[in-house]
Amino acid sequence: MRRIAHSLAFALVLITLVACNSPIDKSDSTKAPEITPTSPAIRLRPPDFTIKGTTSTQAAIQGAYYWQLENGLAVDVKSEGFSVSGVTPMKVSQGEQLTVTASNGTYPESMDLKIYPEDGNLKEVKVTAVAGHAFVPTTEPITSQSFTNSPYDLKIDLPKGDYFIWMSGTWQNPFKRPASETTSKATPSGTPRPILPLTDKIAFWIQVD
């Protein structure tokens, strides 16, 4: 099986603030400081997607994404495919309806879906000398459609076999360039950097019985 170079770059930023309500009383060495609860970690990634069937569920296999916060903090994760290490195909029945839902965030303004057969799209990959397998879209999809309303319902009208469901969502970027930012500070050429839409690519692995 042809080996494909596969690289993933991940960035995670956590900011935790701890505030003290009152100073320690030095006259009482046993008195502990009162500490307010820490603020929640900043989430610098897309929502979590899940596909649900009649009797089973599967968390999305994460692929490439670009995500930016209102304050300008951004991360750009590159990936040629979707690692299936530790993933087992979810069993579904012919004619079964599946629903894709999102948590820890909002649904995108638009979501595109394509279905690929496993055959020809499950590739051997090598990341830092470790061999594994990944779904890398190579063939033409069997079917495709777009969603604008959520959640996303999909009826499985496919022959028996294993398939990958590829999905790509797009959101409006919440970041607004500060009025104080001048073009001279943006890039050496003086042209402001573009504010890109937020994007996320995910996949699911199913087995139709």
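Reply: Start with a hairpin: β6 and β7 form one, with 5 residues between them. In the turn, G72 has a positive phi of about 100 degrees. Keep in mind that this is a predicted model.

Me: In which sense do β6 and β7 pair, and over how many bridges?
Reply: They are antiparallel, with 4 bridges between β6 (residues 61-68) and β7 (residues 74-77).

Me: What other strand does β6 pair with?
Reply: β17, residues 198-208, also in the antiparallel sense and over 4 bridges. Y65 shows both pairings: its bridge partner in β17 is D200, and its bridge partner in β7 is V77.

Me: How many residues of β6 are buried?
Reply: 7 of its 8 residues, so the strand counts as mostly covered.

Me: Switching topic. Which residues touch the most other members in the largest nonpolar core?
Reply: F49, I165, M167 and I206, out of 31 residues in that core. β17 supplies the largest share of this core, 5 residues.

Me: What about a second core?
Reply: There is a separate one of 10 residues, with I61, F82, V84 and A203 among them.

Me: And pockets? What volume does the largest one have?
Reply: About 150 Å³. Its lining has 13 residues, and those nearest the centre are R45, W67, L69, G105 and T106.

Me: How does that lining split by class?
Reply: The largest pocket is lined by 7 nonpolar, 4 polar and 2 charged residues.

Notes. Residues are numbered from 1 along each chain as its sequence is written. This is a predicted model: local features need pLDDT of at least 70, side-chain atom pairs count only at pLDDT 80 or more; totals for chains, interfaces and linings use all residues. Side-chain values use heavy atoms; hydrogens and water are left out. Buried means under 20% relative accessible area, exposed over 50%, partly exposed in between (1.4 Å probe, protein chains only). Helices (H or I, at least four residues) and strands (E, at least two) are DSSP runs, numbered from the N terminus. Two strands pair if DSSP finds at least two bridges between them. On a 1 Å grid over the protein atoms alone, a cavity is a set of points where a 1.4 Å probe fits but cannot get out, and a pocket is an open set with protein on both sides within 12 Å along at least five of seven lines; lining residues have an atom within 4 Å of a point. Grid points are joined across faces, edges and corners, and a volume is the space filled by probe spheres set on the points. Ala, Val, Leu, Ile, Met, Phe, Trp, Tyr, Cys and Pro count as nonpolar, Asp, Glu, Lys and Arg as charged, and the others, Gly among them, as polar. A nonpolar core is a set of buried Ala, Val, Leu, Ile, Met, Phe, Trp, Tyr and Cys residues joined through side-chain atoms within 4.5 Å.
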